[in-house]
Amino acid sequence: MPMNTLAPVLALALWSFVMSCWMFVVRIRFLRSSGMSPEDTKHLADAVQRMPSSVRQVGDNYNHLFEQPVIFYAVALLIAVAGHGDALHGALAWAYVALRVLHSLIQATTNNVMHRFQVFSLSWVVLVVMIVREGLRLV
């Protein structure tokens with residue numbers, strides 16, 4: 001059943017939306033409390049340098065959701081299109097999404113680098129298993 005990998009794709013896309021809302025909230029609060037105007041953010045890199053870590057880390061995580069997860073989206077869609085979305089691929093896809101959500105929560109709150117790294121590494125392992133497993137099926 002190809003649908004086993006599509007629901008996790010949608011879930012991670014929705015999670016990215018949640019993180020974008022979180023980012024907007026913390027950035028707008030910062031702008032209001034700092035006296036900066038929206039015009040002061042023309043060059044975001046300059047504005048970000050003035051933001052406290054608690055604001056930057058939420059934005060950093062939002063950006064991270066457009067790095068490694070892009071590979072997940074491609075692989076999960078390939079699995080679905082190829083009709084290889086079995087129970088194991090579905091479980092791996094959901095595990096990947098859960099790990100990325102956990103990574104987001106760690107980064108956006110405590111930002112403990114070792115915990116983030118461990119979750120990030122585990123998400124890579126899950127993704128590599130999906131890639132290798134699908135690669136072997138396509139060969």
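In which helix is the place of N61? N61 sits in helix α3, which spans residues 53-64. The model shown in these views is predicted, so local features need pLDDT of at least 70 and side-chain atom pairs count only at pLDDT 80 or more, while totals for chains, interfaces and linings use all residues. Residues are numbered from 1 along each chain as its sequence is written, and side-chain values use heavy atoms, with hydrogens and water left out.

View 1. N61 is buried, with a relative accessible area of 0%; buried means under 20% relative accessible area, exposed means over 50%, and partly exposed lies in between, with a 1.4 Å probe and protein chains only. When neighbours within four places in sequence are left aside, N61 is in contact with M19, H103, S104 and Q107, contact meaning heavy atoms within 4.5 Å.

View 2. R133 forms a salt bridge with D86, with 2.6 Å between the closest N and O atoms. This pair links distant parts of the chain, since R133 belongs to helix α6 and D86 to the loop between α4 (68-81) and α5 (87-108), 47 residues apart. R137 also bridges to D86, the closest N and O atoms being 3.1 Å apart. Because R137 lies in helix α6 and D86 in the loop between α4 and α5, that pair ties together parts 51 residues apart in sequence. R133 counts as partly exposed at 21% relative accessibility, and R137 counts as partly exposed at 37%.

**View 3. The salt bridge between E39 and K42.** The side chains of E39 and K42 meet in a salt bridge, at 3.3 Å from N to O. Both E39 and K42 are exposed.

**View 4. A nonpolar surface patch that includes M114.** M114, F117 and F120 form a nonpolar patch on the surface, and together they have about 300 Å² of accessible area. Patches are made of residues with over 30% relative accessible area and no salt bridge, like charges being joined within 9 Å and nonpolar side chains (Val, Leu, Ile, Met, Phe, Trp, Tyr) within 5 Å. Accessible areas come from the Shrake-Rupley method with a 1.4 Å probe, and for residues only the protein chains shown count as cover. M114 is found in helix α6, residues 113-138, and counts as exposed at 51% relative accessibility.

Conventions: Salt bridge = Lys/Arg side-chain N within 4 Å of Asp/Glu carboxyl O. Helix = DSSP H or I, 4+ residues; strand = E, 2+ residues; numbered from the N terminus.
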